Amino acid sequence: MQVDVPKALDQLDQDVNQHDHQSAESLSGALMSHTANFEEEEEDTTTLQPRIARRTSVDAGSTTVHRHLDLLPRPAEQRELIHHWVSFVSWHMVPVDGPDNPFRTVLTPMALEGLNTPSQESNGRVALLHALCATSAFSRGQFLDDDKLLTLAKKHYHLAILHLRHTLASLAKSDLDAQRDSVIATITMFSVMDMITGRSSEWRTHVEGGASLLPISEGSIWNGGKSSSMIYQCYLAVAALCNIELPETIDVESGECKHYMLDTFFGLTRPIFQNIVKLNSLLKRTLVADIAPDVLNELENETRANPPDDADFEGLIDPRKRQLAHHHAFVFHYGSLINFERTVRGTSPCALQDLVAQAIDHFEDIERLGADTVGCTLIWPPFVVACECLRADLQDRMMNWYKSKRRHGFMNLEISKDVAQEVWRRRDEAPKGIDIRWQDVVADLKIDIVLA
């Protein structure tokens, strides 16, 4: 990616003075007229191009509008959003931050390319730009309890939706490769947005839409260029942990992945990732009671195989980061074991308390080792572990862990804590012999948060 992030931020800064005089009022009015009535406009993609044309028709005395950068009102606000994304949100997104953090080194430059896209055009990079700004504005707005920022976030979100829908509607096979990465990146960004906001259901629509796009675009992306592979892996991780049905053409088990990075950044080793995808796929096709015993035994062996004791994190030069990656890998290992026992074997939580305790040990070790410098653990492992805590001491330790993670500002983490507590309450009140499962509680409460 050839975009220089600091230079792009400086460009936004330089444009402040230009917009403060001749064009600020015109451009602000143009964007506001575009965004003020989104709720009523049904977000029809067929109307996007005429609106873009209207927005580029500024007064004759105004600065000429050539790029999407020129359409942004108050560039200083947008610069603050991008700076907040680069300096705060992006590193909180990964448990083990590093120079190759895909949210900072891949998605950010790709989004900033949207700034220089001709103003009359709509494409995936423009959609990603607005999705990134919306995500950052939601983060800042929630931290600061700032209604103005939250309103700005919604406007960027609606712009992202419009540009994404327009891009998908006009997508031709000839330019699929050029647009694929930015479309999948935008869909992934929507998931990040709803990790922060804790909104239900909207994210699932986007991720499922991405899954429908993959059959016509998969092939070389798993082992394609590093940037494409990183975007693809981030999307697949969200889909797998949130139990999104992937097309049959997606085969995460075949061949090697020369750019695999879910282990070093998230602790999600490839064997565990493959196992989660395989288990999800099987349970979507077949009831557990109908699965042959030998298939279940094979699944169990695969779940228990490849503990992360010998996982190779030599790509992480910093010894401390290698330790953190190992702890996160163990978190996924124990989470997968607990998930298999509860979901497939129907094992009582009473029999799983040793596994739960071992997982919590690793959560606490991560906090002791990294303190405020570590990003947010993916939500799925702590949620699976927390829901099976029976002992009061284990519940207290999980609550303390959840409280320490509020520094990241992710509402899906807070909601998952509340769900775990509701599971505990219902389990305490349930008649003897009644099994309380978190899946049933979530369905009963009509909660559908991003578990990535």
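Analyst: Alanine 371 is partly exposed, because its relative accessible area is 38% (buried is under 20%, exposed over 50%, partly exposed in between, with a 1.4 Å probe and protein chains only). This is a predicted model, in which local features need pLDDT of at least 70 and side-chain atom pairs count only at pLDDT 80 or more, while totals for chains, interfaces and linings use all residues. Residues are numbered from 1 along each chain as its sequence is written, and side-chain values use heavy atoms, with hydrogens and water left out.

User: Where is alanine 371 found?

Analyst: In the loop between α16 and α17; helices are DSSP runs of H or I with at least four residues, strands are E runs of at least two, and both are numbered from the N terminus. Alanine 371 is not a glycine, yet its phi is positive, about 50°.

User: And aspartate 372, buried or exposed?

Analyst: Exposed, because its relative accessibility is 58%. Aspartate 372 is also in that loop, which runs between α16 (353–370) and α17 (380–387).

User: What does aspartate 372 touch?

Analyst: Trp91 and Arg407, leaving aside residues up to four places away in sequence; contact means heavy atoms within 4.5 Å.

User: Switching topic: what is phi of asparagine 243?

Analyst: Near 60°, a positive value in a residue other than glycine. Asparagine 243 sits in the loop between α11 (226–241) and α12 (262–266), and it is partly exposed, given a relative accessible area of 33%.
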